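Hi,

Here is the structure I promised to pass on.

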Amino acid sequence: MTVQTHDFEADTGKILNIVINSLYSDRDIFLRELLSNASDAIHKRKFLGQTEPKLLNSSEDEISINVDEKKKTIEIIDTGIGLSADDLTETFGTIARSGTSSFLEAIGENTDNKDAAKTLIGKFGVGFYSAFMVAEKVVATTRKAGEDDTLIWESDGKTGYTITSSSDAHETGTSIKLFLRKDAKEYADFQRLKTLIKKYSDHILVPIFVTAKDAEKEQANSAQALWTRSPSEISAEEYSEFYRSSLGAFDEPFITLHNKTEGSIDFTNLLFVPKTAPFDLYEPERKTKVSLYINRVFISQDVDGIIPTWLRFVKGILDTTSLDLNVSREMVQNSPVIKKISKSVTKKVLSELKKKLKKDETEYAAFWEQFGKVLKEGLYEDFENREKIAEITRVYSLKYETLISLDDYIEEMGEKQDKIYYLAADTLKQALSSPHLEGFQAKGVDVLLMTDPIDAFWMSQMISYKEKAFLSISRDKYDLSDLDDEAAAEASDDEETNTIAALIKECITDLVEDVKPTTALVDSPVRLVAGEGGLDFNLERILKAQNPDFEGGKKVLEVNCNHDLVKKIPALSLDLQKAVSRMLFEQARVLDGEMPSDPQQFSKDLIALGNAL
Ligand code: ADP
């Protein structure tokens, strides 16, 4: 027998403490966490057994729970896949594997705030470790399918754990024995366990038996897949229990979608749109959270394309009888059946979201706050669903100082307006202080302010919505006088203004593509707009951040020739004309969120101007 002793990773003890203390009032959940692990392990074994039959269990799969009311122990035994020594170190040895440090970072100063900790734990998932809420010692005895060794993992949840290899024969699968803490002894109770299983784990497909010394072995769950029942017979509580116990959620669902579709393809969907975003929503893998079942047999949690990545916050199951259980994973992934199911389910989710938006804007706003950025990825990459996603998209309106829909924007457009004006910027504050807005504000024309990085991308793809073209007010050419009721537009080819513009151009000819007079400005002297065929600034900035070699195009400096400072330029000495022109150019960059192109020259010009006062 060999014993290996391991210390926990540095932060594990700390996290365990947070977990134990903040979830204290919800200690019951330890059972559903362990049962759902046991059931996952059984499904994994079945799944691997399809290609490697020797891994399969020859008898019926089950989970059994032995409770010793005297010794205060509970043992949960499954006939699942089991764990190897490496699996043990990787899984039971590491808490919140998906991000110990990000967990602590996120929780920050909040360790005393139980609600905050709870929400975070929900997002990160502590699964197995919830056992330590009720146990002072946990012993896991396990044998992996296809391997000979039995391993014993033991820990007090504080300092570390040991792994011992044992020569005792153990069935394939895992047994988790909990030695209950003094203050959790009430769990060593046959009836209590049965009630908890019924409440939290009824839908687990594998039968769960409970045995106590003086009691008969009893099956505690109905082991019927919830989604196979008729929606009319399922209560809202049952749905949310399923959502939490089987899908590991901690919140209430925002939307529950349970449908049976029959026709050329048969499938059932039980899908949930959550209320709160999980912590991994923006991980680069963009993993989806919908499990595929074929005829009630679990196949996989990550079938590519089962639902679009821009709906990766949707959790749930799809169960179909239109696929063959024996096809390989790759074939499942590429099958036209999956494509059709995905298409139909996507439509359902979008139409349900639209209904929610119509029914309760406030609730929808809370949803949008959590998942809006992800949905917008669809505007960029999903040509087919773009229009539908745009219908439920919310954007910030300059005029109404809140999020509105594109339809709201179009409805409010004046008679002469035929474009959707928008400004992309890094932050709302920056957008609001942009000189580009002045002309619109003066005319009371609304502009959509786009401040998510993804915005610059989808706006450049989408071109129009309901036949109204999008127009970037920092990039595209436009003439605001087109919006005037009377054709009293100021003459833009006024000789004087042209002379000033030409003068400034002389001074900064190497910095800009052109200098032009404009009527789009009111209080600011100048602004920069994209040159011929140029990109939107925000998009340019994002591309620059990704690729340091990326060179943005030269801009056009537009000049407000009615501005006092600008009017003074012609009378200045040549040196000061140059200094003022450069300053104007640099400050326009600063307002767009850029550094001055030449900070040294910028500071010299400032001093020269100061001296000239
Ligand atoms: P999660 O289930 O959310 O991944 P857990 O902390 O509950 O997180 O479990 C960590 C991992 O340990 C699981 O993903 C699984 O690989 C493994 N595991 C847990 N319980 C069992 C079990 N009874 N049999 C086999 N593997 C298990």
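Below is what I found, going from the whole chain to a few local spots.

First, the ground rules. This is a predicted model, so local features need pLDDT of at least 70 and side-chain atom pairs count only at pLDDT 80 or more, while totals for chains, interfaces and linings use all residues. Residues are numbered from 1 along each chain as its sequence is written, and side-chain values use heavy atoms, with hydrogens and water left out.

The protein chain has 20 helices and 23 strands; these are DSSP runs numbered from the N terminus, helices being H or I with at least four residues and strands E with at least two. Of its 613 residues, 50% count as buried (under 20% relative accessible area, with a 1.4 Å probe and protein chains only). Among contacts in the chain with a separation of 6 or more, 69% are between residues 24 or more positions apart; contact means heavy atoms within 4.5 Å.

Now the open sheet. It has 3 strands in the order E21-E23-E22, with mixed pairing (two strands pair if DSSP finds at least two bridges between them). The edges are E21 (514–517) and E22 (526–530), each pairing on one side only. From one strand to the next, the twist averages 30°. E21 runs parallel to E23 (residues 555–559), joined by 4 bridges, and Pro517 has Val559 in E23 as its bridge partner. Across E21 and E23 lies helix H16 (residues 495–507), at about 160° to E21; angles run from 0 to 180 degrees between N-to-C directions, with axes fitted to C-alpha atoms, for helices over the stretch in contact.

There's also a hairpin. Strands E15 (residues 394–397) and E16 (residues 402–405) pair in the antiparallel sense over 4 bridges, and Ser397 stands opposite Thr402 in E16. The hairpin has 4 residues between its strands, and Glu401 in the turn has a positive phi of about 50°.

Last, a helix pair. H19 (residues 574–591) packs against H20 (residues 599–612) at an angle of about 130°, with the axes 9 Å apart.

Cheers
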